[in-house]
Amino acid sequence: MSVRSPRIEGDPPNPVSFRTENYRAGTVFPKKSQPWGELNYALIGVCEFDIQGVGYLSPPHYAIWLPPDTMHGAYNQHDLRYVTVYVERALCVDLPDKPSTLSISPLLKAILADFAARDITIPETAEDLRLAQVLVDQIRVAPRCESYLPLSDDPLLGPVLSALQADPGDRHSLSEWARRMGTTERTLSRRCQYDLGLSFNEWRQRLKFVAALSLIEAGEPVHRIAAQLGYSNASAFIAMFRRLTGTSPTQMR
């Protein structure tokens, strides 16, 4: 069997190809579009995307799907270990036709982990090509939403969301944030519903969940995660986590 070189950024997938890379905090990925689909998945850390002018977050356990020809750029505030799956255009016909946040199945994770462990960047054997096709099928059937944690550039709401991203453990209420921004709680609440499609409290809970996933992947003890995220005790944090995932932080790890 001939041996191909590992995939280089810019090479077309044939028919599917993979990259697993470590990126230092502060890495900027300039905006670009490519004539193939991409599945972007954080193993450790959180990546921030600008996809056609809309902000997306890519935390562990949730992937970002980009259809062919989608303009996108990205940035990571902290160290990141990241997987990108490239899918040729012909295989994207039945895949989501707009950028989406996907919930990743255990099967999809297992295939990616297997390819990473064996350093497979371009599947060549019949067995690996079948696994790649299963992976594409898993992208097609994955539960999806437009964005798990939507962001906003609204002049009142945007600074509040940025401050909470910098400190997910902040415990100020919506009314306290409204006073800080020189507006009313009702106005800020309306901006949340209009720009995010979520209430302030629901958005903040999702932020805590995203932050928790990253800290769990990094190996932080549960009691320290709870304290960092502003919970009064570990039990309250575990209850929130179990409600959203059906499992405990320890089992997730």
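Student: Are H3 and H6 roughly parallel or roughly antiparallel to each other?
Tutor: This is a predicted model: local features need pLDDT of at least 70, side-chain atom pairs need 80 or more, and totals for chains, interfaces and linings use all residues. Residues are numbered from 1 along each chain as its sequence is written, and side-chain values use heavy atoms, without hydrogens or water. The axes (lines fitted to C-alpha atoms over the stretch in contact; angles run from 0 to 180 degrees between N-to-C directions) of H3 (157-166) and H6 (200-217) come within 10 Å and cross at roughly 30°. With cut-offs of under 35 degrees for roughly parallel, over 145 for roughly antiparallel, 65 to 115 for roughly perpendicular and the rest oblique, H3 and H6 are therefore roughly parallel.

Student: Which residues of H6 make the contact with H3?
Tutor: Contact means heavy atoms within 4.5 Å. H3 contributes Val160, Leu161, Leu164 and Gln165. From H6 come Phe200, Trp203, Arg204 and Leu207.

Student: What is the relative accessible area of Asp119?
Tutor: Asp119 lies in the loop between H1 (106-117) and H2 (126-141). Its phi is positive, about 55°, although it is not a glycine. Buried means under 20%, exposed over 50%, partly exposed in between (1.4 Å probe, protein chains only). Asp119 is exposed, at 63%.

Terms used. Helices (H or I, at least four residues) and strands (E, at least two) are DSSP runs, numbered from the N terminus.
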